[in-house]
Amino acid sequence: MTEVPTTTEASSEPELLAPLGHNEYATLLAEVVAESMPWLFAVVEEVGDREDGWVAAWGLSFEDRAEVLPYRGGVRMSLPSAEKALRYFGRGGDVRASLHWIGS
């Protein structure tokens, strides 16, 4: 009579998944891209009450930081958030700065 084992030994070999097809892989990558896509914003400076306004900088807001590039040259900034960029713009006289989110 053959003895039946009472415990099952776990395999030390990892289970390999079948490779994804082209369409499945493209769909998976599209999801990864969409989930990690930064938000685009502009820092706008304005003078007075609707007297004048211009783009002072463009930025990309990621989950953990914002990258800001002044529009007319200057120092690129890496900041904790898009809102932190406002402290560097709109400083002086009647000039004030605001964020304008693109595509939202």
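## Surface salt bridge at residues 49 and 50

Aspartate 49 pairs with arginine 50 in a salt bridge, their closest N and O atoms lying 3.4 Å apart; the term denotes a side-chain nitrogen of Lys or Arg within 4 Å of a carboxyl oxygen of Asp or Glu. Both aspartate 49 and arginine 50 are exposed, where exposed means over 50% relative accessible area, buried under 20%, and partly exposed in between (1.4 Å probe, protein chains only).

## Basis of the model

The model is predicted, so that local features need pLDDT of at least 70 and side-chain atom pairs count only at pLDDT 80 or more, while totals for chains, interfaces and linings use all residues. Residues are numbered from 1 along each chain as its sequence is written, and side-chain values use heavy atoms, with hydrogens and water left out.

## Overall architecture

The protein contains one helix and five strands, arranged along the sequence in the pattern α-β-β-β-β-β. Helices (H or I, at least four residues) and strands (E, at least two) are DSSP runs numbered from the N terminus.

Of the 104 residues, 20% count as buried. The protein exposes about 8600 Å², of which carbon and sulfur atoms supply 56%; accessible areas come from the Shrake-Rupley method with a 1.4 Å probe, and for residues only the protein chains shown count as cover. Among contacts between residues at least 6 apart in sequence, 37% join residues at least 24 apart, a contact being heavy atoms within 4.5 Å.

In soluble globular proteins, nonpolar side chains tend to be buried together. The largest nonpolar core here has twelve residues: Phe41, Val43, Ala56, Ala57, Ala66, Val68, Met77, Leu79, Ala82, Ala85, Phe89 and Leu99. Two or more residues each come from β1 (39-47), β2 (52-61), β3 (66-70) and β4 (77-79). Such a core is a set of buried Ala, Val, Leu, Ile, Met, Phe, Trp, Tyr and Cys residues joined through side-chain atoms within 4.5 Å.

Alanine 57, a member of this core, is in contact with Phe41, Ala42, Val43, Val68, Leu69, Pro70, Tyr71 and Phe89, leaving aside neighbours within four places in sequence. Serine 61 is found in strand β2 and counts as buried at 13% relative accessibility. With residues up to four places away in sequence not counted, serine 61 touches Pro38, Trp39, Phe41, Ala66, Ala82 and Trp101.

The rings of phenylalanine 41 and tryptophan 101 have centres 5.3 Å apart and planes at 55 degrees, so the pair is tilted. Because phenylalanine 41 lies in strand β1 and tryptophan 101 in strand β5, the pair ties together parts that are 60 residues apart in sequence. Phenylalanine 41 is buried at 0% relative accessibility, whereas tryptophan 101 is partly exposed at 33%.

Valine 44 also belongs to strand β1 and is buried, with 15% relative accessibility. Valine 44 and alanine 97 are 53 residues apart in sequence, yet their C-alpha atoms are 5.5 Å apart in space. Beyond its neighbours within four places in sequence, valine 44 is in contact with Trp54, Ala56, Arg96, Ala97, Ser98 and His100.

## Further salt bridges

The whole structure holds five salt bridges. In one of them, the side chains of glutamate 46 and arginine 96 meet at 3.9 Å, N to O. Glutamate 46 lies in strand β1 and arginine 96 in strand β5 (residues 95-101), so the pair ties together parts that are 50 residues apart in sequence. Glutamate 46 is partly exposed at 21% relative accessibility, as is arginine 96 at 37%.

Arginine 76 and glutamate 67 form another salt bridge, at 2.3 Å, N to O. Salt bridges that share partners join Asp64, Arg65, Glu67 and Arg76 into one network.

## Nonpolar surface patch

Leu20, Tyr25, Leu28, Leu29 and Val32 form a nonpolar patch on the surface, with about 460 Å² of accessible area together. Patches are made of residues with over 30% relative accessible area and no salt bridge, like charges being joined within 9 Å and nonpolar side chains (Val, Leu, Ile, Met, Phe, Trp, Tyr) within 5 Å. Valine 32 is found in helix α1 (residues 22-36) and is partly exposed, at 45% relative accessibility.

Note on methods: Phe/Tyr/Trp six-rings, centres within 6.5 Å; stacked < 30°, edge-to-face > 60°.
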